[in-house]
Amino acid sequence: FDIHGKITRYNKAAQEAIQASPLEEKTVQELLPDLGDEEVENCIRAGVIEPREVKWGERWYICHLRGVPELSVGLLYASEITDAKETQNELRHMERRARAILDGAADSIIIVVVGGIVQAINPATTKLFGWEYDDIVGKNIDVLMPDFFEYRGGDRLCILAEYARRQSTGPVDRLSFGVRQDRPRFPSSRT
């Protein structure tokens, strides 16, 4: 493309991807609607601008624009990312669904990863323990349940693996104690 964004050359793959009228009648600004004239000029002068995602037809692409200042032209090359975009959307949907379940539960839910680090908690946990979300997530479970790893000699990996393998959802046969932020202990069961 030239300094005004007019497409001067393209390959067959570009025409197939974009599926528009002949590309020599188009500008880069038409292909990337959020790209302004000034950005096109800056790209050609400075050599590069940030990649942009665009949907052409039913497919998603990541577009890279590079300027060649000594020739006063720019290059646009695109890589298809449709599958990655769909996976990203599915993950967002699953995260929203999991968050809705977590947030809607009446019981305290604490998600702990290997090493005893709290990955997530729900609002019932903040209410029960008196801690705010940011005060707990990323910290060790010992903050909320100091005796969590005491039995079995503190073998954290073994204990967490045992919980991960459990098939039933009833309470564990061991009583433990939780600690509120203001320090009183209270009995709790784990599942």
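Predicted model: local features only at pLDDT ≥ 70, side-chain atom pairs only at ≥ 80, totals over all residues.

Student: Which residues have the most contacts inside the largest nonpolar core?

Tutor: In soluble globular proteins, nonpolar side chains tend to be buried together. A nonpolar core is a set of buried Ala, Val, Leu, Ile, Met, Phe, Trp, Tyr and Cys residues joined through side-chain atoms within 4.5 Å; buried means under 20% relative accessible area, exposed over 50%, and partly exposed in between, with a 1.4 Å probe and protein chains only. Here the largest core has 18 residues, and those with the most contacts inside it are Phe1, Val28, Leu32, Leu35, Trp56 and Leu65. Two or more residues each come from helix H1 (12-18), helix H2 (28-31), helix H3 (37-46), strand S1 (48-56) and S2. A second, separate core of nine residues includes Phe129, Ile136, Ile141 and Phe186.

Student: What does Leu35 touch, leaving aside residues up to four places away in sequence?

Tutor: A contact means heavy atoms within 4.5 Å. By that criterion Leu35 touches Val28, Gln29, Val40, Ile49, Arg52 and Leu65.

Student: How many helices and strands does the protein have?

Tutor: Helices (H or I, at least four residues) and strands (E, at least two) are DSSP runs, numbered from the N terminus. The protein has seven of each, in the order α-α-α-β-β-β-α-β-β-α-α-α-β-β along the sequence.

Student: What is the strand order in the open sheet of three strands?

Tutor: Strands of a sheet pair through backbone hydrogen bonds, either parallel or antiparallel. Two strands are taken to pair if DSSP finds at least two bridges between them. The order in this sheet is S1-S2-S3, with antiparallel pairing; S1 and S3 are the edge strands, each pairing on one side only. Seven bridges join S1 to S2, and Glu53 stands opposite Ile62 in S2. Helix H4 (residues 82-104) packs on the sheet, touching S1, S2 and S3, and its direction makes about 120° with that of S2. Such angles run from 0 to 180 degrees between N-to-C directions, the axes being lines fitted to C-alpha atoms, for helices over the stretch in contact.

Student: Where does one find a hairpin with three residues between the strands?

Tutor: The hairpin is that of S4 and S5, where Gly115 takes a positive phi near 95°. Strand S4 (residues 110-113) pairs with strand S5 (residues 117-121) in the antiparallel sense over four bridges, and Val113 stands opposite Ile117.

Student: Which residue has a positive phi although it is not a glycine?

Tutor: Most residues other than glycine have a negative phi. Ser72, however, has a phi of about 55°. Ser72 lies in the loop between strand S2 (59-68) and strand S3 (73-80) and, at 42% relative accessibility, counts as partly exposed.

Student: How many aromatic pairs does the structure hold?

Tutor: Rings of Phe, Tyr and Trp (its six-membered ring) pair if their centres lie within 6.5 Å; planes under 30 degrees apart count as stacked, over 60 as edge-to-face and the rest as tilted. The structure holds two such pairs. The ring centres of Trp56 and Tyr61 are 5.0 Å apart with planes at 35°, so this pair is tilted. Both Trp56 and Tyr61 are buried.

Terms used: Residues numbered from 1 in each chain as written. Heavy atoms only, no water.
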